[in-house]
Amino acid sequence: MILDDQDRALLRAMAANADQSTTRLGQTLGLSQPATWRRLRRLQDAGVIARRRLVLDAEKVGFGVTVFLGVKLATKGRVSLEDFERAVGAIPEVQTVDHVLGLYDYRLRVVARDLADFERVLRRRIMTLPGVGDVEANVLLSEERRPGPL
C-alpha cells in the first residue's frame, strides 16, 4: 500500500490521540467525516493500523517497578525457542517479549508491585521457564515517552 500525505497526516493525528472521532479528525485534516472514515477503514483493512489499545499508567494501577530482563537460553534450537515463547507469554507480569540478536536471546519488560514482588516473579515464574540460562536484570529508573508516528 502506498501512503499519501493525507494518510500520513491521519496516522500522525491518530498516533497523538486515537480517541478522536472521525468528525474531529476530518476537521483537523480538512476532510469530510465520510472521507476520513473511508481512509481509516482502508488503513485498517491493509494492516497499516494494526490495532488501537489503552495505555495505563503502571504505577497508578499498582505496578511501581519495571524491570528489563535479558534472558539467554541454555539450549538453542527451534523447539526450545517456541517452548520458551509460549511459556513466557503466559506470565501476566511480562509486558513485552522481544527476540533479539546480541548477548541475550530475549529482552523482557516485566512489571511488579515492588522489588519483593519482582523477586517472586523472577524466582517462581521466569527462572523456571524451559531453557532459561543466564538472566540480567535492569531496573527502570525513569522513562521518557516520545509519542508519535514512525
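I began with the buried residues of helix 1, and I find them packing against helix 2 (22-29) and helix 3 (33-45). I take helices (H or I, at least four residues) and strands (E, at least two) as DSSP runs, numbered from the N terminus. The model is a predicted one: local features need pLDDT of at least 70 and side-chain atom pairs count only at pLDDT 80 or more, while totals for chains, interfaces and linings use all residues. Residues are numbered from 1 along each chain as its sequence is written, and side-chain values use heavy atoms, with hydrogens and water left out.

Which residues of helix 1 are buried? I noted Asp7, Ala9, Leu10, Leu11, Ala13 and Met14; buried means under 20% relative accessible area, exposed over 50%, partly exposed in between (1.4 Å probe, protein chains only).

I then looked at the N-terminal end of helix 1, where Asp4 is the cap: a side-chain oxygen of Asp4 sits 3.1 Å from the backbone nitrogen of Gln6.

Next came the pair of helix 2 and helix 3. Their axes are 8 Å apart and they pack at an angle of about 100°. That makes helix 2 roughly perpendicular to helix 3 (65 to 115 degrees counts as such; axes are lines fitted to C-alpha atoms over the stretch in contact, and angles run from 0 to 180 degrees between N-to-C directions). Thr22, Thr23, Leu25 and Gly26 of helix 2 meet Gln33, Thr36, Trp37 and Leu40 of helix 3; contact means heavy atoms within 4.5 Å.

I stopped at Gln20, in the loop between helix 1 and helix 2. Is Gln20 buried or exposed? Gln20 is buried, because its relative accessible area is 19%. Beyond its neighbours within four places in sequence, Gln20 is in contact with Ala13, Leu25 and Thr28. I also see its side chain reaching the backbone oxygen of Asn17 at 3.1 Å.

Last, I turned to the cores. A nonpolar core is a set of buried Ala, Val, Leu, Ile, Met, Phe, Trp, Tyr and Cys residues joined through side-chain atoms within 4.5 Å. The largest has 19 residues, and Leu69, Val71, Phe84, Leu108, Val110 and Ile126 have the most contacts inside it. Strand 1 (65-73), helix 4 (78-89), strand 3 (106-112) and helix 5 (115-126) each supply at least two residues of this core, with strand 1 giving the most, five residues. Apart from this core lies another, of ten residues, among them Ala9, Leu25, Leu40 and Ile49.

Notes: Polar contact = N/O pair within 3.5 Å; in protein donor to acceptor, adjacent residues only side chain to side chain. Parallel < 35°, antiparallel > 145°, perpendicular 65-115°, else oblique.
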